[in-house]
Amino acid sequence: MVKDIKVDELSWEQHPVFKELLIKKLLSHEKDNVDLSIMMVNAKKGVEVPPHVHEQDDIVYQLAGKCKMWVEGEGEFEMLPGSFIRIPAGIKHQPHDVEEDVLAFDIFLPHLF
């Protein structure tokens, strides 16, 4: 089934775990019966997300802003517009040092929600 999603028409909502983040759910298992989750993520300047692990692969494409991403066993990555990173399932990571408001396209496979 083809789905025409108008991102600008979707409302921002609080992330279910990291309350300081806002998300827009583009596709989800719960809403669309798909085996992946795709969302837009907004992190305001100064936000610190604690280190965490997902049971899913986490694929991030940064659209705007500036921050760093720490990935266990790999180190620090500077995230700028156009940065793309895949964090395999089970790997601890942490977006941090948000210097400019971040907007990112985030995909979880299999689904997060």
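At 42% relative accessibility, K44 is partly exposed, a class between buried (under 20% relative accessible area) and exposed (over 50%), computed with a 1.4 Å probe on protein chains only. K44 forms a salt bridge with D101, with 3.8 Å between the closest N and O atoms; a salt bridge here is a side-chain nitrogen of Lys or Arg within 4 Å of a carboxyl oxygen of Asp or Glu. D101 belongs to strand β7 (residues 93-109), whereas K44 lies in the loop between β3 (37-43) and β4 (57-71), so the contact ties together parts that are 57 residues apart in sequence. Strands (E, at least two residues) and helices (H or I, at least four) are DSSP runs numbered from the N terminus. D101 is also partly exposed, its relative accessible area being 37%.

The model is predicted, with local features requiring pLDDT of at least 70 and side-chain atom pairs counted only at pLDDT 80 or more, while totals for chains, interfaces and linings use all residues. Residues are numbered from 1 along each chain as its sequence is written, and side-chain values use heavy atoms, with hydrogens and water left out.

The salt-bridge criterion gives a count of ten. One of these joins E13 and K25, whose closest N and O atoms are 3.8 Å apart. E13 lies in strand β1 (residues 13-14) and K25 in strand β2 (residues 22-27), so this pair ties together parts that are twelve residues apart in sequence. The two partners fall into separate accessibility classes: E13 is partly exposed at 35%, whereas K25 is buried at 17%.

K25 also takes part in a contact with an aromatic ring, lying over the face of F113 at 4.4 Å from the ring centre. For such a contact, NZ of Lys or CZ of Arg must be within 6 Å of the ring centre and within 35 degrees of the ring normal. Aromatic pairs, in contrast, number zero; the rule requires ring centres of Phe, Tyr or Trp (its six-membered ring) within 6.5 Å, with planes under 30 degrees apart termed stacked, over 60 edge-to-face and the rest tilted.

A further salt bridge connects the side chains of E78 and K66, at 3.8 Å from N to O. This pair links distant parts of the chain, with E78 in strand β5 (residues 75-79) and K66 in strand β4, twelve residues apart. Both side chains belong to partly exposed residues, E78 having a relative accessibility of 45% and K66 one of 22%. Elsewhere, salt bridges link K3, K31 and D32 in a network.
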